[in-house]
Amino acid sequence: MTKPKQAPEQSERSKGAAPEVTYSWQEEASCRGVDAELFFPATEDDAVPAKAICDTCPVRLACLAFALERNEKFGVWGGLTEKERARLSPAARESIKRQVAAA
Ligand code: SF4
């Protein structure tokens, strides 16, 4: 069995000051128990399997908001690759944040 995907401050990939966020949503993550490397694909095409798992995830929006809040530079979070997250408009980012806050 592989380790679940870790929160950024728990992983080696982004150590630094952590904003005040909660991680309870990760308990429901569809990627728990899935090899975390799947979520760090080399190419956009390689992200398809991870994105398929995200499509089934009940906490997808919280995950995406988390990655946006952290300005996560690597990997698939909330069903989006880093390139896709980077293309989100400020309005889209704000909408995601509001939806998560209202949930
Ligand atoms: S949206 Fe994807 S990366 Fe985020 S918790 Fe769910 S399955 Fe994991």
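Which residues in α2 are buried? The answer is Ala-62, Cys-63, Leu-64, Ala-65, Phe-66, Ala-67 and Leu-68. A residue is buried if 20 or more other C-beta atoms lie within 10 Å of its own, exposed if 12 or fewer, and partly exposed in between, with C-beta atoms placed from the backbone.

The structure is a predicted model, in which local features need pLDDT of at least 70, side-chain atom pairs count only at pLDDT 80 or more, and totals for chains, interfaces and linings use all residues. Residues are numbered from 1 along each chain as its sequence is written. The term pLDDT stands for the predictor's confidence in each residue, from 0 to 100. The protein averages a pLDDT of 85, and 79% of the residues score at least 70. In the protein, confidence is highest in α1, at a mean of 98, and lowest in α4, at 94. Over residues 7-20, pLDDT stays under 50, and the model has 13 contacts beyond four places in sequence for this stretch. Two residues are in contact if their C-beta atoms, placed from the backbone, lie within 7 Å. Where pLDDT is low, the predicted coordinates should not be read in detail.

Now the overall layout. The protein has 4 helices and 0 strands, and along the sequence the pattern reads α-α-α-α. Of the 103 residues in the protein, 23% are buried. Among the contacts with a separation of 6 or more, 63% are between residues 24 or more positions apart.

The buried residues lead to the core. A nonpolar core is a set of buried Ala, Val, Leu, Ile, Met, Phe, Trp, Tyr and Cys residues joined through C-beta atoms within 7 Å. The largest nonpolar core has 17 residues, of which Cys-63, Leu-64, Phe-66, Ala-67, Val-76 and Trp-77 touch the most other members. The largest contribution comes from α2, with 7 residues. In soluble globular proteins, nonpolar side chains tend to be buried together. The buried residues of α2 also pack against α3 (82-86) and α4 (90-102). Leu-64 gives an example of contacts across the chain: leaving aside its neighbours within four places in sequence, Leu-64 is in contact with Trp-77, Gly-78, Gly-79, Leu-80 and Ile-96.

The ligand comes next. It is surrounded by 15 residues, and the closest are Ala-29, Cys-31, Cys-54, Cys-57 and Cys-63. A residue is near a molecule or strand if its C-beta atom, placed from the backbone, lies within 6 Å of it. The elements that give two or more residues to this shell are α1 and α2. By type, the shell holds 10 nonpolar, 3 polar and 2 charged residues. In this division, Ala, Val, Leu, Ile, Met, Phe, Trp, Tyr, Cys and Pro count as nonpolar, Asp, Glu, Lys and Arg as charged, and the others, Gly among them, as polar.

Phi of Asn-71 is near 50°, a positive value in a residue other than glycine. Asn-71 counts as exposed because 11 other C-beta atoms lie within 10 Å.

What is the number of buried residues in α4? Of its 13 residues, 0 are buried, so α4 lies largely in the open. The expected span of a helix is 1.5 Å times one less than its number of residues. For the 13 residues of α4 this gives 18 Å, and the end C-alpha atoms are 18 Å apart, which agrees.

Ala-52 lies in helix α1 and is exposed, because 11 other C-beta atoms lie within 10 Å. Ala-52 and Gly-79 are 27 residues apart in sequence and 7.8 Å apart in space, C-alpha to C-alpha. Asp-35 belongs to the segment before α1 and is partly exposed, with 14 other C-beta atoms within 10 Å. The C-alpha atoms of Asp-35 and Ala-50 are separated by 9.9 Å, although the two are 15 residues apart along the chain.
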